[in-house]
Amino acid sequence: MARLVAFQQNQLSFPPLASSLSDFTGTRFQTHIQLKRKTWQPKGSFYVSASTNKKVLIMGGTRFIGVFLSRLLVKQGHQVTLFTRGKAPITQQLPGESDTDFADFSSKILHLKGDRKDYDFVKSSLSAQGFDVVYDINGREAEEVEPIIDALPNLEQFIYCSSAGVYLKSDILPHAEIDAVDPKSRHKGKLETESLLQSKDVNWTSIRPVYIYGPLNYNPVEEWFFHRLKAGRPIPIPGSGIQITQLGHVKDLATAFVNVLGNDKASKQIFNISGDKYVTFDGLAKACAKAGGFPEPEIIHYNPKDFDFGKKKPFPFRDQHFFASVEKAKSVLGLEPDFGLVEGLTDSYNLDFGRGTFRKEPDFSTDDIILGKSLVSV
């Protein structure tokens with residue numbers, strides 16, 4: 001029988017982090033202090049009353065999106081279980097999170113240990129526990145989702161994290177939810193999952209983020225720029241640098257996920273979620289510099305076709321215009337991003353990279369190929 005465990009704070013050990021919110025008066029995790037535009041709280045229609053408590057399962061939840069989503073759900077009174085392989089701590093205290101808030105969260109979060117690709121275990125354990133709502137944060141293939149739906153015939157809502165990467169490349173932008181999709185994209189598994197959900201007798205909602213950024217980001221988005229800015233190196237950007245892209249803060253995304261819970265307007269709907277501003281590659285480099293308090297960077301433009309980088313990726317973004325409309329989420333759900341781009345990048349820097357924490361060590365080897373010389377990394 002699968003075991004559900006409530007993790008107490010004293011059962012886990014973590015690296016020392018801020019014990020008080022006073023160190024980060026600009027963060028959204030100061031949930032017990034009322035500060036205008038400086039408190040990360042669900043606002044208005046984003047609030048889910050404790051009287052509508054749900055038994056919620058999050059597939060994943062310990063790396064990035066789920067860390068912020070689970071805190072919102074627990075704060076609002078839902079019983080939250082994380083389904084993971086147990087390779088990472090179920091809870092970790094976040095910079096800017098008080099000891100009291102962390103202890104409260106840790107005492108309430110539950111854990112179901114297993115491999116989601118062990119479909120027999122998924123069916124037996126989920127049917128035994130029963131859940132009202134499933135958030136699938138890390139699902140990549142449709143075959144990973146079908147056992148979950150089969151195990152929960154009384155499921156009230158399945159909320160899926162898809163990707164704006166499913167859209168077919170187009171000269172007409174921004175991408176809207178009704179636009180053509182690419183069945184051959186590297187996100188085709190997510191597209192097939194959306195098709196599966198549409199074919200099942202289940203109340204579903206699919207969220208399509210563009211590029212996600214923020215504290216704990218395991219994809220080298222803002223971190224790629226911060227490494228180069230800290231080292232005082234030029235920033236190599238492909239092409240003209242005027243390619244337009246779009247980023248959305250992870251805390252805004254978590255709020256959107258909560259907002260669709262139990263929302264009739266979100267039933268069997270797809271929503272793009274991201275920031276409401278677009279930015280060029282050059283503009284993003286400058287925004288990252290401003291967020292981290294660095295001088296405006298030297299930007300080097302290059303033609304990727306002039307170089308052989310092997311299997312290494314010299315730039316963390318698609319070398320193309322790539323952005324999506326969030327008007328449907330605004331008009332239907334009333335969603336408004338809480339973070340502007342520089343403000344959000346500042347939040348990410350202050351609570352993560354600026355504290356000396358990051359997911360990947362810097363690798364300037366492709367930069368050196370572009371620059372045509374070897375530089376000593378700092």
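Which residues of helix α3 (residues 119-129) are buried? They are V122, S125, L126 and Q129. These residues cover an arc of only 95 degrees around the axis, which puts them on the same side of α3. The arc is taken from the directions from the helix axis to the C-beta atoms. An α-helix has 3.6 residues a turn, so residues three or four places apart point the same way. After α3 comes G130, with a positive phi near 75 degrees.

This is a predicted model, in which local features need pLDDT of at least 70 and side-chain atom pairs pLDDT 80 or more, while totals for chains, interfaces and linings use all residues. Residues are numbered from 1 along each chain as its sequence is written, and side-chain values use heavy atoms, without hydrogens and water.

The chain has 11 helices and 14 strands, which are DSSP runs (helices H or I, at least four residues; strands E, at least two) numbered from the N terminus. Of its 378 residues, 53% are buried. Buried means under 20% relative accessible area, exposed over 50%, and partly exposed in between (1.4 Å probe, protein chains only).

H301 lies in strand β14 (residues 299-302). H301 counts as partly exposed because its relative accessibility is 39%. Leaving out residues up to four places away in sequence, H301 touches I237, G239, S240, G241 and D282, where contact means heavy atoms within 4.5 Å. Distances from H301 are listed below.

| Pair | Atoms | Distance |
|---|---|---|
| H301 and S240 | side chain to backbone oxygen | 3.2 Å |
| H301 and D282 | side chains, polar contact | 3.0 Å |
| H301 and I235 | C-alpha atoms | 8.5 Å |

A polar contact is a pair of N or O atoms within 3.5 Å; within protein, one must be able to donate a hydrogen and the other to accept it, and residues adjacent in sequence count only if both atoms are side-chain atoms.
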